[in-house]
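Hi there,

Here is the structure I promised to pass on to you.

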Amino acid sequence: MGQIKVEKNVGGIEGLCIIEPAVHGDARGYFMETYNQKDMQEAGLDMVFVQDNQSCSVKGVLRGLHFQKEFPQGKLVRVVKGSVFDVAVDLRSSSETYGKWFGVELTEENKKQFYIPEGFAHGFLVLSDIAEFCYKCTDFYHPGDEGGLAWNDPEIGITWPKLVGEYKGTASADGYCLEDGTAINLSDKDQLWVGLKDTFKF
C-alpha cells in the first residue's frame with residue numbers, strides 16, 4: 001500500500017474505517033495525499049466519490065445526525081482547521097450492530113479521516129473555536145431526501161465529549177452546553193429529529 005494506513009471495522013462496526021495519510025513534513029511545512037484511488041482500492045475500499053463538500057462552524061455547533069433515505073451517501077470526512085468529534089450511527093436493519101455508534105476526534109493536527117459507508121446517520125460537534133470540515137460523498141445531495149436522527153437519543157447513548165446537560169425527551173439544544181459554558185448550537189431542523197425506534201431504517 002502507498003500513502004495511507006486503514007483501520008477497518010472500527011468500534012466493531014462493519015464498514016467504518018479510520019484512514020491516516022502519510023504526512024511528509026520539514027521546516028517549510030508538510031505535504032500529504034488526502035485521497036488516492038489506487039491506495040484505497042489496494043486497501044479494499046472501492047467507493048466512487050461524486051461530490052466534495054466543505055463547511056465552517058463555530059464552537060458548540062452540532063450538525064446531525066443526518067442521512068439520505070433513497071439516495072444514501074458514503075462519506076469520507078476530515079478536518080482542515082480546528083477539531084470536531086465525529087459520529088456515525090448504524091441504521092442498517094440487517095446489521096448485527098444496528099443502533100450502535102462510534103465516534104472519533106478529527107483535528108487539523110492528527111489529520112485522520114473517517115469513512116462512513118451508506119446506511120449510517122452522521123454528525124459532528126465542534127470542539128474548537130472554529131472548524132473547517134471537508135468531506136467526499138458517494139452520491140449527490142438530493143433535496144427532499146434528507147432524514148435525521150436525534151443527536152441525544154438515550155437509546156443510542158452517544159457520549160459527546162465536553163458536553164453537559166440533561167435529556168428532556170426531545171432533540172432540543174435547550175439546557176445543553178460545553179464544559180466551558182458554550183451553548184450547544186443546532187439548526188431548527190436538527191432539533192426536531194426523532195429517536196432510533198421512530199426513525200428511518202435502511
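A word on naming: helices (H or I, at least four residues) and strands (E, at least two) are DSSP runs, numbered from the N terminus. Please bear in mind that this is a predicted model, in which local features need pLDDT of at least 70 and side-chain atom pairs count only at pLDDT 80 or more, while totals for chains, interfaces and linings use all residues. Residues are numbered from 1 along each chain as its sequence is written, and side-chain values use heavy atoms, with hydrogens and water left out.

First, the chain as a whole. Its secondary structure comes to 1 helix and 15 strands. The radius of gyration (over C-alpha atoms) is 17 Å, close to the 17 Å from the globule rule (2.2 Å times the number of residues to the power 0.38) for 202 residues, so the chain is as compact as a globular protein of that length. Of the 202 residues, 48% are buried, meaning under 20% relative accessible area with a 1.4 Å probe, protein chains only.

Now the pockets. On a 1 Å grid over the protein atoms alone, a pocket is an open set of points with protein on both sides within 12 Å along at least five of seven lines, a cavity is a set where a 1.4 Å probe fits but cannot get out, and lining residues have an atom within 4 Å of a point. Grid points are joined across faces, edges and corners, and a volume is the space filled by probe spheres set on the points.

The largest pocket has a volume of about 520 Å³. Its lining counts 27 residues, with Arg-63, His-66, Lys-75, Tyr-135 and Glu-146 nearest the centre. Strands E5 (51-58), E6 (62-68), E11 (120-126), E12 (130-137) and E13 (146-148) each give two or more residues to this lining, and E6 has the largest share, with 6 residues.

The second largest pocket holds about 170 Å³ of space. It is lined by 13 residues, and Asn-152, Ile-158, Trp-160, Leu-163 and Tyr-176 are the closest to its centre.

Methods: Buried means under 20% relative accessible area, exposed over 50%, partly exposed in between (1.4 Å probe, protein chains only).
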